[in-house]
Amino acid sequence: MSVHYQYINAEQGTKTTIPDSLERLVKRHGTPLLIFDADVVRQQYCALINALPEVTPHYAVKALPFSPALKILHGEGASFDIASSGEISMAERLGISAKQCIHTHPVKKTEEVEKALAWGCRQFVFDNSHELTKLAHYKNSVKLLLRISFPNPYARVNLSYKFGCTVEEALPLMEQAKALGLNVNGLSFHVGSQITDPERYVSAIKTCKKIWEQAKTLKLAPLEILDIGGGFPVDYTAPVAGINDFCAQIRAALHSFPQAQFISEPGRFLVASAMHSISTVVGIAQREGRPWYYLDEGLYGCFSGQLFDKAEYPLAIPAKRLLQPKEPSVLAGPTCDSIDIIRDGIELPQLREGDLIIAGGMGAYSWAHATEFNHIPRTQIVVINDIEPLPSTGTEY
Ligand SMILES: Cc1ncc(COP(=O)(O)O)c(C=O)c1O
């Protein structure tokens with residue numbers, strides 16, 4: 001852990017780190033730069049497996065569609081949650097077996113379904129009647145998880161707003177699927193991203209148990225899979241519960257569930273803490289009595305997570321600057337747009353041109369939706385602590 005940089009907005013107790021190799025890597029590659037630590041991904045995967053030993057994680061590729069991340073997780077034995085043709089192509093290129101993947105987008109173009117089937121992926125998700133009529137054309141090839149919505153206005157990202165049927169719609173949809181000759185082999189849900197209250201999973205699991213038992217009694221569907229989605233939390237500027245404690249109630253709820261194959265779709269938990277962004281102060285201006293520090297990374301780049309993911313990243317600055325008094329300041333990004341402001345009013349000591357600014361927790365929903373606005377290319381990622389992956393042992397569908 002580097003002693004030259006110190007976080008300025010992370011609460012005590014957060015497990016924030018800074019890679020030792022940071023200055024050496026900046027000398028070699030310049031900035032802006034992202035440093036991706038393969039060891040952290042392996043540790044997170046291992047921690048999740050230990051916390052939920054009966055649940056097979058399917059890495060949600062959308063969080064960070066970066067080949068080394070997929071390769072590392074594949075080597076660890078992970079399966080994958082893919083949700084677009086682009087993600088399919090990526091998995092295919094990397095030699096990941098389609099049989100270890102589920103296609104989780106509840107609303108798909110027919111081309112998308114055909115591409116997934118041609119690749120060999122058979123497990124899909126649906127949540128509405130119209131999608132069933134589309135999928136009926138492939139009834140001999142597809143297996144379906146029914147996604148149920150559990151709205152959570154307190155989640156950082158409420159993933160039951162746009163997708164998921166209501167609890168009341170579940171049995172009629174299974175009935176319709178059966179009438180169309182479709183095989184609904186499980187239930188799925190996503191209680192929202194960066195969840196801090198595990199009770200959200202517990203109540204979703206209990207509701208799914210009722211639906212599951214009713215469906216079995218009515219012989220509506222040969223249910224065998226319960227997919228508990230993603231949402232597992234990580235530290236940003238505030239500490240969250242350790243994953244083992246967080247999952248204690250989930251483990252207990254799954255023990256009371258009927259015999260089933262349990263799977264999950266973690267994105268953030270596996271990759272968020274594995275990546276740091278390094279940017280440089282490239283310009284300084286005084287505007288209305290406040291210093292503005294312009295960085296070579298911004299909201300159109302990796303800080304896009306502030307907009308799309310509502311993230312607040314822990315920021316570190318050179319420790320030696322912290323000897324000076326702080327004043328309200330602005331950290332701005334490199335594009336010509338005024339929205340491109342990372343923090344307005346942040347208390348900072350005087351920074352100098354060339355100072356490095358480090359942001360932690362940048363692995364998930366950051367680089368993934370960074371743009372090339374102003375023709376500024378997406379930031380380069382360097383991988384540290386990589387090793388050759390082992391042959392995969394993931395679940396097959
Ligand atoms: C269907 C689905 N599965 C999994 C995930 C990953 O969620 P998280 O990153 O919170 O683990 C998402 C996130 O958008 C999602 O939409």
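In this predicted model, Phe36, Phe66 and Trp367 are joined into a cluster by ring pairs. One member of that cluster, Trp367, also has a charged neighbour: the charged end of arginine 378 sits over the ring of tryptophan 367, at 3.9 Å from its centre.

The discussion now turns to pairs of rings. A pair of aromatic rings is described by two quantities, the distance of the centres and the angle of the planes. Ring centres within 6.5 Å make a pair, and planes over 60 degrees apart count as edge-to-face. By this rule there are 13 aromatic pairs. In one of them, the ring centres of tyrosine 201 and phenylalanine 246 lie 5.9 Å apart and the planes stand at 90°, so the pair is edge-to-face. This pair links distant parts of the chain, for tyrosine 201 belongs to helix α8 (residues 199-217) and phenylalanine 246 to helix α9 (residues 243-246), 45 residues apart. Tyrosine 201 and phenylalanine 246 are both buried.

A further pair is formed by phenylalanine 303 and tyrosine 313, whose ring centres are 5.9 Å apart; their planes meet at 75°, and therefore this pair is edge-to-face. Here, too, distant parts of the chain are linked, the two residues being 10 residues apart. Phenylalanine 303 is in the loop between β12 (290-295) and α12 (305-308), whereas tyrosine 313 is in the loop between α12 and β13 (315-318). Both phenylalanine 303 and tyrosine 313 are buried.

Key
Residues are numbered from 1 along each chain as its sequence is written. This is a predicted model: local features need pLDDT of at least 70, side-chain atom pairs count only at pLDDT 80 or more; totals for chains, interfaces and linings use all residues. Side-chain values use heavy atoms; hydrogens and water are left out. Rings of Phe, Tyr and Trp (its six-membered ring) pair if their centres lie within 6.5 Å; planes under 30 degrees apart count as stacked, over 60 as edge-to-face and the rest as tilted. Helices (H or I, at least four residues) and strands (E, at least two) are DSSP runs, numbered from the N terminus. Buried means under 20% relative accessible area, exposed over 50%, partly exposed in between (1.4 Å probe, protein chains only). A charge sits over a ring if NZ of Lys or CZ of Arg is within 6 Å of the ring centre and within 35 degrees of the ring normal.
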